[in-house]
Amino acid sequence: MSHSLPDDLAIAVLLPCYNEELTIADVVRRFRETLPAATIYVYDNNSSDLTALKARAAGAIVVREPRQGKGNVVRRMFADIDADIYLMADGDGTYAPEDAPQLINTLLTERSDMVVGTRRGVTDDAGRAGHAFGNRLFNNLYKRLFGHDFTDIFSGYRAFTRRFVKSFPAVSGGFEIETEMSVHASQLKLPVSEIALDYGRRPEGSTSKLSTYRDGAKILWMFAMLMKETQPLRFFGAFSGLFLTAGLVLMAPVLVEYFQTGLVPRLPTWVLSVALVLQSMLMAVAGLILDSVSRGRAEQKRIFYLGMTSMRATARATRLTAPEASPSSRKAARAA
């Protein structure tokens, strides 16, 4: 399918890489053919092979990020690079560079701040059944906790506006960075889109860097932390309900015995049940207070996001200040 793109927008292709010497040169070459006006950046994350050399030879700008982990690489990319449109993919060849214009056109036509290329067949596995099960589990959990904005929160093929990139406070260090991006968009109710794309397999000799159990545990922990930060009332309310239930269960037989005999023979049980009820009340109050704090932080992030220059305004300014633009055309544009 042919997709025409505006020629006045600065496009940056971002490729975080770790030991991808078998695929990175082909990925860079195909992105250069598909998006000839784009600047391609490869951020090498301590690779022990020839990833950096092959990426540079293929025409990419190569930068080294010494902090290990995809989240650290993405945070560095977003801080370093200025563009109107950012396209992020992996260097392992599982995402087709030929789909890039479709992502960018969706970003422009839908006026979205992030477009996610959902992976067809990813739950059928990309080589390991544990990954397929984890994808289903975490995507369903995300919908229950944060909403139904996304169906594939782990896709690494995404297009962003400058407004999204420069307002995203990335804190993750590893593969959980995609989850953080999705929660950021859901919390601020940013316009997002999804398009289904084919998901390829790694070539012979290339292995996934994702650990099913270790990275799964990190992602689960990130879910809990993001819920605490963005939905503290639900987070602490759940603990409050657990403490209250346990306290009432322990308290009930002691109260029954007291009303029957007027005695409290199981005093330690009574003390524990009262302590659990008090803890439940503390959790509920903490949730209420932190919910107000979280709302204030979300409002501040939203205001900062709205204060960022959109890619359309940037492109318009570029056109008006271009050398070939005549003074009369600039004056007319300002008047408009």
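Helices here are DSSP runs of H or I with at least four residues, numbered from the N terminus. Keep in mind as you click around that this is a predicted model.

**Stop one: helix H7.** Select residues 177-188, which make up helix H7, and pick out threonine 179 within that stretch. Is threonine 179 buried or exposed? Its relative accessible area is 0%, so threonine 179 counts as buried. Now show what surrounds it: setting aside neighbours within four places in sequence, threonine 179 is in contact with Ile153, Phe154, Ile219, Phe223 and Leu226.

**Stop two: the cores.** Next, highlight Leu14, Phe78, Phe160 and Met181, the residues with the most contacts inside the largest nonpolar core, which has 42 residues. Zoom in on phenylalanine 160. Beyond residues up to four places away in sequence, its partners are Phe78, Asp84, Ile85, Tyr86, Met88, Leu107, Asp113, Met114, Val165 and Met181. Another core, of 32 residues, lies apart from the largest one; Val27, Leu35, Ile85 and Tyr157 are among its members.

**Stop three: out to the surface.** Switch to a surface view and select Leu255, Tyr258, Phe259, Val264, Leu267 and Val271. Together they form a nonpolar patch with about 560 Å² of accessible area. Which helices each supply at least two residues of the patch? Colour helix H9 (232-261) and helix H10 (267-307) to see both contributors. H9 gives the most, with three residues.

Finish on leucine 267, which sits in helix H10. Leucine 267 has 48% relative accessibility, so it counts as partly exposed.

Definitions and conventions: Residues numbered from 1 in each chain as written. Predicted model: local features only at pLDDT ≥ 70, side-chain atom pairs only at ≥ 80, totals over all residues. Heavy atoms only, no water. Core = buried A, V, L, I, M, F, W, Y, C linked by side-chain atoms within 4.5 Å. Buried < 20%, exposed > 50% of the residue type's maximum accessible area, 1.4 Å probe, protein only. Contact = heavy atoms within 4.5 Å. Patch = residues over 30% accessible without salt bridge, like charges linked within 9 Å, V, L, I, M, F, W, Y side chains within 5 Å. Areas by Shrake-Rupley, 256 points an atom, 1.4 Å probe, with all protein chains shown as cover. Salt bridge = Lys/Arg side-chain N within 4 Å of Asp/Glu carboxyl O.
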